[in-house]
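Here are a few friendly notes to read alongside the model. Take them one at a time and look for each feature as you go.

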Amino acid sequence: KAARSISEAPPAVTSIKRSPAFEQLDGYKERQILRGIARMQGLDVPAFRQQESRPGPISVMNGKEVLNFGSYDYVGLNLDPRPGAAAKAAIEQYGVSASGSRFTAGERPIHRTLEARLAKHYDVEDALCFVSGHATNVSAIATLTGKHDLILYDAYIHNSAAVGAELSAASRRSFPHNDMDALERMLHENANRYRATLVVVEGHYSMDGDIPDLGRLLELKRKFGFWLMVDEAHGLGCIGATGKGVREVYGVAGRDVDVWMGTLSKSLGSTGGYIAGSKTLIDIMKYEAPGSVYSVAVAPPLAAAAACSLKILAEEPERVKRLHENGAYFLARAKALGLDTGDSIGSSIIPVIVRDPAIAIALSNKLLEHGVNALPAVFPGVPLNAARVRFFVTSEHSKAQIDTALSDTARLLQELGSSPIAHLIATI
Ligand code: PMP
């Protein structure tokens, strides 16, 4: 058929078919209902709060100084001038953007410097960086597994790992949080049914601040022969005597875990994600993971900042020691005040569990009015009856700041009493 010439008019449209309105989308409708309920209870849902300063222990929010327990800068490296200076030097040398994927447009030496340091940190053969932690999990999990495989993941795994599992063609199931007996039963039931099984856990869970039983996981790995993937987004810099993460807590060699995953955006004060492991694993990631082949490389200044932070972390273990002292102090004080901190081990993540989502939101709002920033986590991030306000403790907080935040929390929680839906929540 001959192509229509440009000057020819297109055929007349006889009936107009409308696309569905965005307002009809399920997520949007649900959010409108939740917003309505929140408004009826006089609650302002705290999201997209504005901060006009670096997120340190004291931050400026809406022009006011507040005590900040809402940042992942666990060992203060986003406050340190050195990573920032390394980022500026990298801009001078390489420009702001990598301007393309490393696969096609080539890499900068700073990418390999960072990856060599990450490989050293985990004591494994190699590492590869991606533009974000989220993109890393999505890309890596979907690349490694296919339709003949099974993915078993902890029920509290981060959204990025769950999305990666969903996008892979593999079968997938979650096991109850940290329940190794349940995992063993699932492994037993599925033995020999799949080409490979990938078990995904976190090294330090972001909602509860607890850790997995790595010893038992390695025992199960020897028994059933699966790949073990550990997301160390909140492990690096936070747990283990020198911040090496969950493997340091258990005295485990880096090579005992098949896939280490993490992010540059928390303790390392930058932005990006990474996979670390064997040379073969990294070769697969480099040449097959869509986030490597089809996506731009980590921006050079961000790679330089993260590489610098990792070096500082190795040279200044006292940062981790200070974080641990602060975490232990926070946990002990919170318990003394009768606050429910769940299973937190008392490092950088300490939830104050209030159960009722309305109370969690109201508490966070009241805290901000009193000059303390700590954010709520509610369903679906946590179970409906397990709402909490999470405190991210850092090496840079002072004991006095912790005392103020906790006494305000205990007092405001008492003043809030219970919400109109508390009785309902209590029965769930
Ligand atoms: N994994 C976990 C456990 C996380 O908590 C997060 C982010 N909060 C990510 C992955 C994603 O990392 P990023 O924010 O760097 O994309």
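**Notes on the fold**

1. β1 and strand β2 (residues 64-68) pair in the antiparallel sense over 4 bridges. Strands here are DSSP runs of E with at least two residues, and helices are runs of H or I with at least four, numbered from the N terminus; two strands pair if DSSP finds at least two bridges between them. Within this pairing, serine 59 has valine 66 of β2 as its bridge partner.

2. Before going further, please note that this is a predicted model, where local features need pLDDT of at least 70 and side-chain atom pairs pLDDT 80 or more, while totals for chains, interfaces and linings use all residues. Residues are numbered from 1 along each chain as its sequence is written.

3. Now widen the view to the sheet: 3 strands make an open sheet with mixed pairing, ordered β1-β2-β11. Because β1 (58-61) and β11 (372-373) are at the edges with a single partner strand each, one side of each has no neighbour in the sheet.

4. How is the protein divided? There is a domain 1 (41-70 + 318-426) and a domain 2 (81-315), with bounds from an automatic or database domain assignment. Their C-alpha centres lie 28 Å apart.

5. The contact between domain 1 and domain 2 takes 15 residues from domain 1 and 14 residues from domain 2, counting residues whose C-beta atoms, placed from the backbone, lie within 7 Å. On the domain 1 side, α13 (318-336) and β10 (349-355) each supply at least two residues.

Notes:
Contact = placed C-beta atoms within 7 Å.
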